[in-house]
Amino acid sequence: MALLLPTSTAGSLPKPSWLAEPEKLWSPWKLEGDELIEAKQDALRLTLQEQIHAGIDIVSDGEQTRQHFVTTFIEHLDGVDFENRETVKIRDRYEASVPSVVGAVSRQKPVFVEDAKFLRQQTDQPIKWALPGPMTMVDTLYDGHYKSREKLAWEFATILNQEARELEAAGVDIIQFDEPAFNVFFDEVNDWGIATLERAIEGLKCETAVHICYGYGIKANNDWKKTLGSEWRQYEEAFPKIQQSKIDIVSLECQNSRVPMELIELIRGKKVMVGAIDVATNTIETPEEVAATLRKALQFVDADKLYPSTNCGMTPLSRQVARGKLKALSAGAKIVRDELNS
Ligand SMILES: [Zn+2]
C-alpha cells in the first residue's frame, strides 16, 4: 500500500437503532426474514459511508450482519447445538450461557461470503474482513464431543480456512482473525494456538491479520483490567512466536492501556495495527492524542508498517461517539503522516 499510515478499525461498529438495540452486545434483531436481509445490507452501506466520510482508508462491513463476532459464525456450522446451552467461563473471566458442540463440526455453506461480495461491490477501497480465531471460538463454546480444546481448534481452523479462501476470492484484501483468547491462555497459545491460526491462513495470497486485545469496554473486561497491575505484559507471551509465524499483520491495543509500547519490538518485521482509539470510554480522543500514540509506536515499528487503528470493536458505543472517534483517528494519522512526509 503506497499511502503511509493507512487507517482502519479493529472490527465492529455500532448498528442503527432500526436494525438492533444499540449499545448492546448480542442485541436481538428488530426485523426478520427478507426485511432483515435488506436492513442488514442498508446498515452495511451506511457504516461503509460513515467510514469513508471519516477518512478511514481500509474499510469493513462494521460487522452489521452479525449479532456477535464469534457466535454468528458458529451458528452457521453443523455439529453445534444452540438450544442445548451450558454455562462456561469465557476467557477465564465471565460466565455466559453458550451453545454446545454435540457432533463433528463442519461448514455446509459459506457464512459471510455473500456479505463480503456485497461490500466489495460498494467500494474500491481496500477491505478487511474479520473472522473469529480458532482458540477464541473454542473458548466461546461448551464441548461435549471432542472433549479437547486443541482437537476442536484444529477442526475450526480447517473450517476457517475454507471460509477465508472464499472471502479472498470475493475480493477481500485483508482477512483478520480475532484472538482475544491469546491474551489469556499463554501455554495453549504457544502449544497449538498459533499453529491452528497458521492452518486457518494456509494457501491464502491476500494479507492476513490477528487481532489481540483486552476486549470490548464491557464491565467484565474493565473489572479484569483493574486486576492486571500497572504494566500489562500479556503480549510478551505470544509475540515471539507470532513474529516467527506467517501472519502479516498484528492488531493490538495501545490507547489508554497499560501495555508497555516497547513490547511491539517483539514483532519487528510485522505490520502493526496500533490501537490509537480507546473503545472503553465515551470520551473522544483529540487528533493530537492519537498522533502522540502513533509517534510512540513509531519507535518500535517502521513507518511503512504502521497502520493506525482502534483498540477493539466499537459496537457497544453510540453511533455519534464512534463517528467522532473515527474522525479523530484519521485526523491524528494525518498529523503524523504529514510529519513523515515533510
Ligand atoms: Zn478486540
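First, a term I need below: I count two strands as paired if DSSP finds at least two bridges between them. I also keep in mind that this is a predicted model.

**Entry 1: strand β8 and its partner**

I began with V274, which stands opposite P308 in β9. Strand β8 covers residues 271–275, and four bridges join β8 to β9. The two strands run parallel.

**Entry 2: the sheet**

Which strands make up the open sheet, and in what order? I read six strands in the order β3-β5-β6-β7-β8-β9, with parallel pairing. At the edges stand β3 (128–132) and β9 (306–309). Each has a single partner strand, so one side of each is left without a neighbour in the sheet.

Five bridges link β3 to strand β5 (residues 174–178), in the parallel sense. Within this pair, I found I175 in β5 as the bridge partner of W129.

Is β3 mostly covered or mostly open? I found it mostly covered, as five of its five residues are buried. In a regular strand, side chains alternate between the two faces of the sheet. In β3, K128, A130 and P132 point one way, while W129 and L131 point the other way. I noted that K128 is among the buried residues here.

**Entry 3: F182**

Next I followed the chain past β5 and stopped at F182, in the loop between β5 and α6 (186–200). Why does F182 count as buried? I set the cut-off at 20 or more other C-beta atoms within 10 Å, and F182 has 29 of them within that distance.

Leaving out residues up to four places away in sequence, F182 touches M135, V189, G193, I212 and A238. I also checked H211: its C-alpha atom is separated from that of F182 by 9.2 Å, with the two residues 29 apart along the chain.

**Entry 4: stepping back**

Buried residues make up 46% of the 342 residues. Among contacts between residues at least 6 apart in sequence, 77% join residues at least 24 apart.

Conventions
Residues are numbered from 1 along each chain as its sequence is written. This is a predicted model: local features need pLDDT of at least 70, side-chain atom pairs count only at pLDDT 80 or more; totals for chains, interfaces and linings use all residues. A residue is buried if 20 or more other C-beta atoms lie within 10 Å of its own, exposed if 12 or fewer, and partly exposed in between; C-beta atoms are placed from the backbone. Two residues are in contact if their C-beta atoms, placed from the backbone, lie within 7 Å.
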